[in-house]
Amino acid sequence: MPTYPDLFHPDGVAAMRRRIDALTPTSRPQWGTMSVSAMLAHVNVAYEMVYTTKHPRPNPIMRWVLKTIAKQGVVGPAAYPHNTPTAPAFRITDARDFTVERDRLLRYLEQVAGEGRPRFEGRESLSFGPLTADEWNTLFAKHLDHHLQQFGV
């Protein structure tokens with residue numbers, strides 16, 4: 001099983017930042033169809049779900065399905081397979097600005113690290129209910145790692 005950087009620690013954030021900094025507006029995916037700008041916007045959705053009210057909470061039936069079927073795949077250690085279907089809230093269909101999305105992602109990484117592990121312990125996820133800090137870290141780091149690998153960094 002892969003291990004993921006601790007995004008609650010400055011070293012983990014620095015490791016991800018180096019990889020993000022290796023992206024350029026012309027970076028091309030090794031699989032999938034998203035542009036690099038759309039990928040950055042896509043990754044930002046996970047943070048929007050924590051820090052904004054932009055995304056509604058799924059209805060109770062969908063939450064049950066997500067907690068029962070999808071949760072372990074999202075917060076468990078196994079890497080995502082390539083070309084996994086994207087949940088509707090994470091689909092980016094409009095053009096995005098690379099610099100805006102990259103900078104937004106970097107701010108979110110700093111915000112998570114600044115709040116720290118204790119702030120995320122038991123924090124409610126819109127889709128999965130309360131998560132441990134380790135589950136939050138896996139959710140954020142695994143998703144970001146997957147898409148950075150998609151773009152060869």
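Reader: How does the lining of the largest pocket divide into nonpolar, polar and charged residues?

Author: It's 26 nonpolar, 15 polar and two charged. Keep in mind that this is a predicted model.

Reader: OK, and what volume does the largest pocket have?

Author: About 1200 Å³. There are 43 residues lining that pocket, and the closest to its centre are His42, Pro85, Thr86, Ala87 and Phe90.

Reader: Which helix gives the largest share of the lining?

Author: That's α5, with seven residues. Helices α2 (36-51) and α3 (60-75) are in there too: along with α5, each supplies at least two lining residues.

Reader: Switching topic. What's α1 like, how many residues does it have and how far does it reach?

Author: Helix α1 runs over residues 10-21, so to speak a 12-residue helix. From first C-alpha to last it reaches 16 Å, close to the 16 Å expected at 1.5 Å a residue.

Reader: Which residues of α1 are buried?

Author: Gly12, Val13, Met16 and Ile20. They sit on the same side of α1, because they cover an arc of only 95° around the axis.

Reader: And on the other side of α1, which ones are exposed?

Author: Over there you'll find Pro10, Asp11 and Arg18 exposed.

Reader: Back to the buried ones, what covers them?

Author: The cover includes α4 (98-120) and α5 (133-150).

Terms used
Residues are numbered from 1 along each chain as its sequence is written. This is a predicted model: local features need pLDDT of at least 70, side-chain atom pairs count only at pLDDT 80 or more; totals for chains, interfaces and linings use all residues. Side-chain values use heavy atoms; hydrogens and water are left out. Helices (H or I, at least four residues) and strands (E, at least two) are DSSP runs, numbered from the N terminus. The expected span of a helix is 1.5 Å times one less than its number of residues. Buried means under 20% relative accessible area, exposed over 50%, partly exposed in between (1.4 Å probe, protein chains only). The arc is that of the directions from the helix axis to the C-beta atoms. Contact means heavy atoms within 4.5 Å. On a 1 Å grid over the protein atoms alone, a cavity is a set of points where a 1.4 Å probe fits but cannot get out, and a pocket is an open set with protein on both sides within 12 Å along at least five of seven lines; lining residues have an atom within 4 Å of a point. Grid points are joined across faces, edges and corners, and a volume is the space filled by probe spheres set on the points. Ala, Val, Leu, Ile, Met, Phe, Trp, Tyr, Cys and Pro count as nonpolar, Asp, Glu, Lys and Arg as charged, and the others, Gly among them, as polar.
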